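Dear colleague,

Please find below the structure that I am handing over to you, together with its sequence. I would be grateful if you could read my notes alongside the coordinates.

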Amino acid sequence: MSVLKEDLVRLIDNPVGLRRRKIKNKFFHGLLFLCTIFGVVVLAFLLYDILKKGLPWLSVDFIKNFPSRFPKKSGIYPALLGSLMLILLTTVIAFPVGVGTAVYLEEYAGNNKFTEFIKLNIANLAGVPSIIYGMLGLAVFVRALGMGRSILAGSFTMALLVLPIIIISSQEAIRSVPGILKQASYALGTTKWQTVTGVILPYAIPGILTGTILSVSRALGEAAPLIVVGALSYVSFAPSSVMDSFTTLPIQIFNWASMPKKDFQNVAAAGIIVLLIILLAVNSIAIILRDKYQIRMKD
Amino acid sequence: MNKILFESKSKMQKNERVINKTLTILGMVSIFTTIGIILSLTEETIQFFRSVSIIEFFTSRKWTPMFEPANYGVLPLVMGTFLIVIFSSIISIPIGLGSAIYLSEYAPKKVRKILKPVLEILAGIPSIVYGYFALTSITPLIRSIFPSASVFNALSAGIAVGIMTIPMVSSLSEDAMMAVPDSLRLGAYALGSTKFEVSTKIVVPAAFSGIAASFILSISRAIGETMIVAMAAGSTPKLTLNPLESIQTMTGYIVQISLGDVPAGSIGYKTIFAVGTLLFAITLILNIISRNIVKKYRRAY
């Protein structure tokens with residue numbers, strides 16, 4: 001308060017102060033704009049750089065080939081297949097558990113210490129570094145449960161990693177269901193479960209799907225936990241079952257980028273382009289699904 | 001609907017009970033996850049401290065667990081992580097806060113509508129891509145300015161981690177500033193303040209708890225970041241403050257060991273769990289602090 005008063009007195013005593021303050025404001029405005037535009041510039045440069053290096057290496061053969069000692073013959077097929085299988089399995093595991101937990105917390109759980117504890121626990125899990133999930137996966141799925149270094153072990157690890165995000169976004173979607181709809185449903189004499197499946201989930205599903213797809217796309221780009229779980233960096237066969245060892249796009253990119261031969265860096269850039277295209281496609285699906293369902297809700 | 005009417009009430013109640021139980025079990029998966037993390041980390045860590053003294057772990061200045069003579073001082077790894085945190089914060093905190101102030105106070109609606117999605121895209125890019133960017137673009141730039149810089153160095157990785165965490169600082173700080181009621185802003189404008197004065201003397205102090213929390217969360221994220229440092233920071237544990245040298249972070253060490261073929265039960269295998277436990281503890285404490293700051297200093301308007 002005293003600062004403002006001093007400023008005011010100075011303003012009355014010295015009208016020139018206003019001009020200086022205005023200049024200061026202009027300068028600050030410019031500085032802040034630069035801060036914001038920094039991200040845009042970096043993004044543009046990053047994409048340009050990757051496209052420039054990777055596009056000449058991108059071809060049908062690159063998608064169909066296996067990794068090789070020779071940059072020209074290197075391909076991404078096993079990694080692509082590994083990533084897709086992993087992500088599919090991760091979703092199948094994490095989606096029901098995540099949505100179930102969200103329904104439990106929002107509709108079934110009592111307002112008590114235990115519920116508070118679960119919520120706090122989920123918030124904490126969301127902040128655990130991804131590599132720690134890898135160590136959990138290594139100790140529990142790979143060793144204790146004997147799954148080995150398989151796609152299945154990797155998928156369970158990834159499912160636990162994305163679970164907190166799916167739960168939190170599903171909770172938000174469920175909370176957005178108007179209370180009036182729920183009450184109308186209960187007034188018809190339905191049970192809780194009938195209200196959940198007949199009213200709450202249909203209304204909340206666009207939000208739930210968007211949240212799930214966004215968190216799954218995070219899993220697509222993760223490499224650290226899978227390296228700890230033991231995904232191989234060199235796979236010369238296409239995985240055919242969930243018990244096979246595997247590699248994924250990010251790990252393959254990491255592997256290429258760490259090779260001394262300069263051409264492999266360009267191969268890595270081509271791999272990044274494929275990864276970014278898949279991420280873009282997945283995110284577009286999320287947006288399309290959300291928009292489509294939302295229009296239907298309005299009818 | 002008809003079918004529901006004919007179902008007996010007791011059967012329905014029984015179904016509800018089963019559903020309730022099932023959902024409770026699903027809700028407890030997250031608790032089992034936490035227990036699983038703690039158990040799997042501590043089990044191997046206790047094993048580790050059977051053969052290495054805890055004093056050596058925290059005080060020895062050398063980390064050479066795979067060589068003879070083996071040294072198990074975690075300080076070089078902690079120092080490596082610390083360097084990454086310093087340089088990423090130098091980038092992410094001012095730029096993130098600056099863009100948050102711009103988006104919340106200065107930006108016209110149209111500009112905001114364009115810039116916000118761009119920041120979101122930046123947040124959605126996998127860390128492996130930032131790692132590649134650090135290695136192939138930032139490092140050559142650094143080496144052209146400082147020819148003495150090594151191919152792998154903490155500065156390059158730190159900058160990349162900083163760029164990656166800008167959107168996090170920016171969006172969390174912006175949320176905090178958006179929550180400051182307009183009446184406070186309007187009051188200051190009525191006294192003749194400029195936008196600069198409203199931002200720095202009214203909005204930022206009022207939103208400070210949320211802003212501080214975003215800083216701490218971004219630091220916690222930088223500590224846990226793995227692929228960027230594994231690609232660009234090097235793999236030489238070193239007790240140094242020179243950002244142009246090759247170093248190794250806690251996460252970088254875990255990746256290095258995981259890439260090699262280390263048999264379960266060996267001391268090398270146990271070291272990654274000891275380092276992982278320390279990493280888990282540090283990030284957990286930071287996350288709890290950030291949540292408490294928000295809770296304690298949140299002002300209700």
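The notes that follow take up confidence, domains, the contact between the chains, and then selected helices and residues.

**Confidence**

The model is predicted, and it scores ipTM 0.91 and pTM 0.90. In chain A the mean pLDDT is 88, with 93% of the residues reaching 70 or more. For chain B the mean pLDDT is 90, and 96% of its residues reach 70 or more.

Within chain A, helix 1 (residues 2-13) of chain A has the lowest confidence, at a mean of 66, while helix 7 (residues 151-175) of chain A has the highest, at 94. Among the elements of chain B, the lowest mean pLDDT, 52, belongs to helix 1 (residues 2-6) of chain B, and the highest, 96, to helix 4 (residues 75-106) of chain B. Where pLDDT is low, the predicted coordinates should not be read in detail.

**Domains**

Chain A is divided into domain 1 (17-57) and domain 2 (63-298). The centres of these two domains of chain A, taken over C-alpha atoms, are separated by 32 Å. Their contact takes six residues from domain 1 of chain A and seven residues from domain 2 of chain A. On the side of domain 1 of chain A that touches domain 2 of chain A, four residues are nonpolar, one is polar and one is charged.

Chain B is likewise assigned a domain 1 (2-51) and a domain 2 (75-297). Here 35 Å separate the centres of domain 1 of chain B and domain 2 of chain B, again taken over C-alpha atoms. Eight residues of domain 1 of chain B are in contact with eight residues of domain 2 of chain B. The side of domain 1 of chain B that touches domain 2 of chain B has three nonpolar, four polar and one charged residues.

**Contact between the chains**

Chain A gives 68 residues to the contact and chain B gives 65 residues. On the side of chain A that touches chain B, the largest share, 18 residues, comes from helix 2 (residues 16-54) of chain A. By class, the residues on that side of chain A divide into 47 nonpolar, 15 polar and six charged.

The buried residues of helix 5 of chain A are I118(A), I122(A) and L125(A). Seen down the axis of the helix, these buried residues fall within an arc of 65°, so they line one face of helix 5 of chain A. An α-helix has 3.6 residues a turn, so residues three or four places apart point the same way. The face of helix 5 of chain A turned away from the buried side carries the exposed residues K113(A), E116(A), F117(A) and L120(A).

Helix 11 (residues 249-257) of chain A has nine of its nine residues buried, so it is largely enclosed by the rest of the structure. Among the buried residues of helix 11 of chain A are Q252(A), N255(A) and W256(A).

**Individual residues**

L275(A) is placed in helix 12 (residues 262-298) of chain A. This residue, L275(A), counts as buried because it has 25 C-beta neighbours inside 10 Å, the cut-off for burial being 20 or more. Leaving aside neighbours within four places in sequence, L275(A) is in contact with G221(A), L249(A), P250(A), I253(A) and P126(B). L275(A) and K182(A), 93 residues apart in sequence, are 42 Å apart in space, C-alpha to C-alpha.

In chain B, I289(B) lies in helix 13 (residues 267-297) of chain B. I289(B) is partly exposed, with 15 other C-beta atoms within 10 Å. Its C-alpha atom is separated by 9.3 Å from that of L217(B), although I289(B) and L217(B) are 72 residues apart along the chain.

N292(B) also has its place in helix 13 of chain B. N292(B) counts as exposed because it has 12 C-beta neighbours inside 10 Å, and 12 or fewer is the cut-off for that class. From C-alpha to C-alpha, N292(B) and A213(B) are 8.7 Å apart in space and 79 residues apart in sequence.

With kind regards

Definitions and conventions. Residues are numbered from 1 along each chain as its sequence is written. Chains are lettered from A and ligands numbered from 1 in the order in which they are written. This is a predicted model: local features need pLDDT of at least 70, side-chain atom pairs count only at pLDDT 80 or more; totals for chains, interfaces and linings use all residues. pLDDT is the predictor's confidence in each residue, from 0 to 100. Helices (H or I, at least four residues) and strands (E, at least two) are DSSP runs, numbered from the N terminus. Domain bounds come from an automatic or database domain assignment. Two residues are in contact if their C-beta atoms, placed from the backbone, lie within 7 Å. Ala, Val, Leu, Ile, Met, Phe, Trp, Tyr, Cys and Pro count as nonpolar, Asp, Glu, Lys and Arg as charged, and the others, Gly among them, as polar. The arc is that of the directions from the helix axis to the C-beta atoms.
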